[in-house]
Amino acid sequence: MSEYESVSKTPLRLKKDSGIKKKKKNKEKKILDTLAKIDKTAGAENEEQKSTQMVPLTKAERAFMMMKEKKQMEKILEKASKTHKQRVEEFNHHLDSLTEHYDIPKVSWTK
């Protein structure tokens with residue numbers, strides 16, 4: 001028993017129990033909330049001002065946007081034209097057309 005006499009027998013104290021308490025900062029939180037609301041409304045007003053001051057697009061920019069929309073519509077129509085079953089069959093056909101180089105070789109311990 002003499003080996004354990006120097007051990008402290010008091011219960012462990014957690015930080016909660018140490019008596020240190022954090023002060024609540026309700027005032028700062030309220031101020032921050034009101035500032036955030038003000039910023040949101042000011043941001044919305046700035047966006048409205050920016051939208052009214054838009055610079056007209058050049059011919060090249062308009063042509064680019066038109067082609068982009070056209071290609072996007074073509075992609076959508078192409079995907080919508082096939083059913084899932086047709087896409088799976090097409091994918092399987094593609095896999096069948098690949099060479100056997102990509103196949104996993106069979107391993108036999110008897111040879």
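**Figure 1. Salt bridge between K82 and E90.** K82 pairs with E90 in a salt bridge (a side-chain nitrogen of Lys or Arg within 4 Å of a carboxyl oxygen of Asp or Glu), and their closest N and O atoms lie 2.5 Å apart. The model is predicted, and local features need pLDDT of at least 70, side-chain atom pairs count only at pLDDT 80 or more, and totals for chains, interfaces and linings use all residues. Residues are numbered from 1 along each chain as its sequence is written, and side-chain values use heavy atoms, with hydrogens and water left out. By this rule the count is 1 salt bridge. K82 has a relative accessible area of 28% and is therefore partly exposed; E90, at 46%, is partly exposed as well. Buried means under 20% relative accessible area, exposed over 50%, and partly exposed in between (1.4 Å probe, protein chains only). Side chains of opposite charge can pair when their charged atoms come close.

**Figure 2. Positive patch with K71, K75, K79 and R87.** These residues gather on the surface as a patch of positive charge. Patch residues have over 30% relative accessible area and no salt bridge; like charges are joined within 9 Å, and nonpolar side chains (Val, Leu, Ile, Met, Phe, Trp, Tyr) within 5 Å. Lys and Arg count as positive and Asp and Glu as negative, while His and the chain ends are not counted. A charge is placed at NZ of Lys, CZ of Arg, CG of Asp or CD of Glu. Helix α2 (residues 59-81) supplies the largest share of the patch, 3 residues. K71 lies in α2 and counts as exposed because its relative accessibility is 52%.

**Figure 3. Helix α2.** Helices (H or I, at least four residues) and strands (E, at least two) are DSSP runs, numbered from the N terminus. α2 is hardly covered, with 0 buried residues among its 23.

**Figure 4. Nonpolar patch including I31.** I31, L32, L35 and I38 make a nonpolar surface patch of about 400 Å². I31 sits in helix α1 (residues 26-52). Accessible areas come from the Shrake-Rupley method with a 1.4 Å probe; for residues, only the protein chains shown count as cover.
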